[in-house]
Amino acid sequence: QLQAYGGGLVQAGGSLRLSCAASVRTFNSYGWFRQAPGKEREFLASVNWTGGRTYYSDSVKGRFTISRDNAKNTVYLQMNSLKPEDTAVYYCAADRRGRGTAYDGDYDVWGQGTQVTVSS
């Protein structure tokens with residue numbers, strides 16, 4: 001039900017915008033997570049229904065921006081000032097109940113992931 005895309009290879013300091021399209025419906029809250037090889041899945045950002053409430057992890061605050069377009073059933077993650085340590089598979093997730101927390105267990109639906117590689 002969620003399709004994430006927009007990943008790729010970028011140099012350090014560059015930018016990428018990830019998109020996540022919901023094919024069936026618009027969910028109350030969305031989150032972005034990532035998982036690097038050998039590491040646990042990490043919460044990055046979440047956004048509520050209106051887009052007026054966002055929540056970021058300290059590791060990306062000030063560099064990444066989450067937003068949504070309900071008319072397009074799409075949520076975005078604008079990533080600026082990318083660092084090699086941002087290299088990971090990035091996942092979008094949806095929370096039907098609208099909690100928008102950092103806990104991945106609160107999310108009901110997950111996209112397939114898109115690879116982001118940042119070269120030094």
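Modeller: A residue is called buried when its relative accessible area is under 20%, exposed when over 50% and partly exposed in between, using a 1.4 Å probe and protein chains only. The model is predicted: local features need pLDDT of at least 70, side-chain atom pairs count only at pLDDT 80 or more, and totals for chains, interfaces and linings use all residues. Residues are numbered from 1 along each chain as its sequence is written, and side-chain values use heavy atoms, with hydrogens and water left out.

The structure holds one disulfide (a pair of cysteine sulfur atoms within 2.5 Å). Cys-20 and Cys-92 form this bond, with an S to S distance of 2.0 Å. Cys-20 belongs to strand S3 (residues 16-22) and Cys-92 to strand S9 (residues 88-95), so that distant parts of the chain, 72 residues apart, are linked; strands are DSSP runs of E with at least two residues, numbered from the N terminus. Both cysteines are buried. The torsion about their S-S bond is about 60°, so the disulfide is right-handed.

Strand S3 also has a place in an open sheet of four strands, ordered S1-S3-S8-S7 with antiparallel pairing (two strands pair if DSSP finds at least two bridges between them). Strands S1 (2-5) and S7 (64-69) are the edges; each has a single partner strand, so one side of each lacks a neighbour in the sheet. From one strand to the next, the twist averages 15°, taken between N-to-C directions of lines fitted to C-alpha atoms, on a scale from 0 to 180 degrees. Arg-68 has Val-75 in S8 as its bridge partner.
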